[in-house]
Amino acid sequence: MITLRNIVKEYDGKQDSGRAVDGLNLEINKGEFVALLGPSGCGKTTTLMMLAGLLKPTSGEILFNGKLVNHVEPKDRNIGMVFQSYALYPHLSVRDNIAFPLRERKIPKQEAYERAKETSKILQIDHLLDRKPSQLSGGQQQRVAMARALSKNPEILLLDEPMSNLDARLKLDVRDEIRKIQRNLGVTTIIVTHDQEEALAISDRVAILNGGQIQQYAPPHELFNHPVNLFVASFLGNPPMNLVQGELREMNGNQVVVTEGFEYLLPADRRLDKAHMGKSVKFGIRPHDIAICSPTDHQRIKMKVDLVEHLGSGKLVKVIDPLGKLDTMIRLLTGNEAEIESGDEVYIKFKENKFHLFDMNDNGRNLLQYK
Amino acid sequence: MSTSTLKKLLVHTYMTLFTLPIIAMIIWYFLAATMNFTTGQFSIDNFSFFTEPVEYAGVKLPLIWPIVLNTLVYSFLIVLIEVCISVPTAYAFSRLDFKGRVSAMKFLFLMRSFPGITLIIATFFILVQMNLVNTYTGVLLVAVTGSLPGRVYIMKGFFDEVPWDIEWAAMVDGCTRYRAFKKVLVPFVLPGIGAISVFSFLGAYGEWFLFKLLIFNDDMLTLAGYLSKLVTKEDQIMNYGLITAIGLFYTLPIILFYIFTQKIFMKVNLGGAKQV
């Protein structure tokens with residue numbers, strides 16, 4: 001088990017201004033696959049480097065299985081690491097690259113080569129053992145890097161954007177394979193990525209980072225359906241969540257979100273504390289939680305179709321307020337069968353209990369905690 | 001005639017015209033060494049320096065073979081010292097964060113651009129004080145001091161090119177910092193080490209000024225100094241045949257060395273790390 005407690009990392013010894021990681025707490029269970037996801041500069045790579053021991057935290061504690069490892073050298077941490085650039089040793093053959101960590105442990109050459117061969121079989125690169133890294137394709141180099149990281153049977157596997165140099169198609173294959181190997185070996189794995197699709201697909205839990213702090217740490221479906229704040233909600237999802245500026249009001253005993261273009265009545269089971277009334281909020285709803293409805297439906301909103309994009313699996317429809325009062329465009333997803341063209345007037349409605357309300361006075365905290 | 005062949009013809013004519021004087025000089029060089037100009041006959045008389053000490057017009061120099069040995073020992077010693085000092089120094093400048101790194105780098109750059117010859121009188125007096133005049137230690141000290149800043153600067157460039165990932169990978173794979181340097185970084189910068197070795201060797205092989213200044217015994221000279229002794233006598237009687245013959249003998253190893261090292265440089269491959 002890995003525990004990070006109040007980790008702070010400052011570069012150049014500058015106070016506050018240079019905090020790459022700012023009070024980070026994280027727990028990772030044995031055998032778990034965890035992704036650190038966030039925009040560039042969010043501190044995810046710095047966190048990984050501290051786990052590897054290549055950087056020392058300014059303050060805070062890193063524990064492996066309950067033991068403090070802050071000052072343990074990388075070589076003594078029993079970790080395997082795959083770098084974004086693969087970082088293969090160019091002067092060594094693939095066999096020697098994979099056997100390198102074993103040879104550094106004073107394992108006899110014969111045995112090290114034997115184990116390198118076994119590992120290479122798992123990654124299906126045993127036919128490349130005599131080549132030099134420069135003679136391999138990008139995908140093959142990536143496999144060699146994986147094999148090198150795994151050959152020493154590490155307790156923890158660290159992956160730093162391991163797939164960002166692969167083409168889209170190969171990425172999918174490699175992704176599945178990494179997941180399969182990780183399951184089979186049961187090695188605790190931490191992946192750093194900026195690709196949300198990759199993070200959500202591959203990991204048991206995802207930690208979303210921004211500004212050196214964890215925004216939310218949860219399984220993928222929970223992050224997607226129950227974002228704790230505006231950052232998580234807007235960062236995840238493609239096409240992104242619709243966010244409309246509004247205000248919470250009490251009207252005739254009902255709680256209502258009032259926006260420039262529409263009023264949305266909160267259902268009875270989603271009533272909020274009275275203290276929230278009058279607050280400025282962002283009303284958020286994902287494109288696939290909006291449906292086109294009939295002109296008689298309850299809580300319908302009249303909109304004008306601005307643009308229809310064909311995504312292959314469906315259509316992405318962008319609608320605007322026909323009166324021009326709402327300056328936000330709303331995106332919604334429909335099936336291919338929907339006959340809709342730009343210029344049409346349509347009625348839309350929000351699927352029940354799929355909306356979110358983010359408190360703009362409280363760093364965009366989600367006021368609704370669905371459970 | 002098409003325009004491309006015309007273009008080619010022009011380029012070739014142009015290049016030939018400009019290379020001709022150089023080729024002519026080289027031919028003259030060979031002829032001067034191997035011909036007796038008064039008789040116009042081919043002769044190897046000029047190469048008698050292989051077997052007996054050189055002596056003409058008041059110039060008396062020892063037999064060449066001990067001088068050759070001096071040259072080789074001196075040159076390889078210089079290469080060894082410069083590589084052993086400049087490689088770790090350059091690593092430190094490139095990779096370590098220590099106090100005064102930037103100012104030391106600036107000083108290094110200043111030393112590199114500074115014409116060392118202007119310091120030579122002071123250097124001489126210091127060596128006299130240290131009792132190092134007319135010793136190889138003195139020459140080595142001055143030579144190495146003069147050339148190290150440049151070597152370190154070049155080597156630093158090579159270390160800067162090595163991605164941090166490679167070094168980190170080695171450290172994760174069980175290396176200490178020093179072992180990562182030895183096992184992974186040094187092989188990575190091998191072309192650089194090759195380059196500075198060549199520069200060092202050529203510099204040392206061609207060094208005559210320090211020998212002229214600091215060495216008074218003719219039998220302690222190296223080939224370059226030996227050659228310079230032939231041309232700097234007051235009476236100005238030059239034995240061109242002898243000078244070119246010894247010059248030819250002096251140049252030959254360099255040509256061989258060049259062909260040999262060029263092959264090494266061609267073999268060097270730098271792969272396995274994208275985003276180098």
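Predicted model: local features only at pLDDT ≥ 70, side-chain atom pairs only at ≥ 80, totals over all residues.

Q: How do β6(A) and strand β7 of chain A run, parallel or antiparallel, and how many bridges join them?
A: They run parallel, and 4 bridges join β6(A) to β7(A), residues 156-160. Strands here are DSSP runs of E with at least two residues, and helices are runs of H or I with at least four residues, numbered from the N terminus. Two strands pair if DSSP finds at least two bridges between them.

Q: What is the strand order of the open sheet in chain A?
A: The order is β6-β7-β8-β3-β9-β10, 6 strands with mixed pairing. The edge strands are β6 (79-82) and β10 (213-218) of chain A, and each pairs on one side only.

Q: What holds strands together in general?
A: Strands of a sheet pair through backbone hydrogen bonds, either parallel or antiparallel.

Q: How many bridges join β9(A) to β10(A)?
A: There are 5, and the two strands run antiparallel. Strand β9(A) covers residues 205-210. Ala207(A) stands opposite Tyr217(A) in β10(A).

Q: What about β17(A) and β18(A), how many bridges do they pair over?
A: Again 5 bridges, in the antiparallel sense. Val319(A) stands opposite Ile330(A) in β18(A). Strand β18(A), residues 330-334, has a covered face with Ile330(A), Leu332(A) and Thr334(A). Its uncovered face has Arg331(A) and Leu333(A).

Q: New topic. Which domains does chain A have?
A: The assignment gives domain 1 (2-234) and domain 2 (241-366). Such bounds come from an automatic or database domain assignment. The centres of the two domains of chain A, taken over C-alpha atoms, are 39 Å apart. The contact takes 9 residues from domain 1 of chain A and 12 residues from domain 2 of chain A. Contact means heavy atoms within 4.5 Å.

Q: On to chain B. Where does UniProt list a transmembrane region?
A: The unreviewed UniProt entry lists residues 9-31, 63-87, 107-127, 133-154, 184-205 and 237-260 of chain B. UniProt positions are in the numbering used here, feature names are shortened, and annotations may be inferred rather than shown by experiment.

Q: How much of residues 9-31 of chain B is helix?
A: The span is 100% helix and 0% strand, with its end C-alpha atoms 31 Å apart. Residues 184-205 of chain B are 95% helix and 0% strand, and the end C-alpha atoms there are 31 Å apart.

Q: Last one. Is Ala143(B) buried or exposed?
A: Ala143(B) is buried, because its relative accessible area is 12%. This residue is found in helix α5 (residues 136-161) of chain B. Leaving aside neighbours within four places in sequence, Ala143(B) is in contact with Tyr74(B), Ile78(B), Glu82(B) and Leu210(B). The C-alpha atoms of Ala143(B) and Ile78(B) are separated by 8.2 Å, though the two are 65 residues apart along the chain.

Key. Residues numbered from 1 in each chain as written. Chains lettered and ligands numbered in written order. Heavy atoms only, no water. Buried < 20%, exposed > 50% of the residue type's maximum accessible area, 1.4 Å probe, protein only.
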